[in-house]
Amino acid sequence: MASAGKGIFRNVRGFFQKPAVKKVVDTFFPDPMDKFKFEDVLWDFKNKAALEEWTLITDDQFGGKSTAEFVQSPGGRAIFKGNISTELPPATDVKYTGMCSIRAQPKWDWMGDVVTNDISDFDGIQMRLRGDGRTYAFNIQTHSIREDDIHQTFIHTRGGPLWEIVRIPFTKFVLTNAGYLQDHQMDFPRIRTVGFTLADHNMGPFHLEIDYIKMVMFMYKPKHFQYHYNRDF
């Protein structure tokens, strides 16, 4: 009797594992977890074409002498590298130099509207980097009335050969405008573009290698957040 029961169970299980039957079951009884995402990759720089969708900005535009480039590394990642110069141009009103920046270009749909990324299902940003020990600003441009509103946080990279996975909750970002911290802070529901800026007032070369940037769900937000949680080669 027991063997007969096992045979019936195997036959029923085999029936529901048939591709056609499984497709019908998934259509009418979808798993709610299938639409639940724990991460959303914004930029994967293993794809060389991704680099062409970023814009490079230096203080050369207002008379500075800093230089930079955004290229693919021999290992198939993106490298933001160059040289920071704080030398002021002669006979100008410029008071500060020493800035290099990269920013992703906005994406547009067929109607000419900017495509933004909804962050409501996620808790923060995760990226895999290999830095040079310098401090970079990580910038998020939101879908705001003012395009010069930027939410910023800082990434304190560690020099050496090691890759780092950096996780930053959205609560660590602050609203700035034209480089100035704003009195009124606000949450942002969507991401328009992201970018990196180096302006640490230190002259000399810099080198930041980037593997990917993605939105992630942390599932919890501890009081003391672990900024770097993994290091590898």
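## A walk from the pocket to the rings

Start with the lining of the largest pocket: its residues split into 16 nonpolar, 15 polar and four charged. (Ala, Val, Leu, Ile, Met, Phe, Trp, Tyr, Cys and Pro count as nonpolar, Asp, Glu, Lys and Arg as charged, and the others, Gly among them, as polar.) Before you click on, know that this is a predicted model, where local features need pLDDT of at least 70 and side-chain atom pairs 80 or more, while totals for chains, interfaces and linings use all residues. Numbering runs from 1 along each chain as its sequence is written, and side-chain values use heavy atoms, without hydrogens and water.

The largest pocket has a volume of about 910 Å³. (On a 1 Å grid over the protein atoms alone, a pocket is an open set of points where a 1.4 Å probe fits, with protein on both sides within 12 Å along at least five of seven lines; lining residues have an atom within 4 Å of a point. The volume is the space filled by probe spheres set on the points.) Now select M99, Q152, A178, G179 and T197, the closest to its centre of the 35 lining residues.

Next stop, the rings. Nine aromatic pairs turn up, counting Phe, Tyr and Trp (six-membered ring) with centres within 6.5 Å; planes under 30 degrees apart are stacked, over 60 edge-to-face and the rest tilted. Pick F170 and F173: a tilted pair, 6.3 Å centre to centre, with 40° between the planes. Then show W43, F45, W54 and F70 together, as they form one aromatic cluster.

Finish at W163, where the charged end of R128 sits over the ring, 4.4 Å from its centre. (This counts if NZ of Lys or CZ of Arg is within 6 Å of the ring centre and within 35 degrees of the ring normal.)
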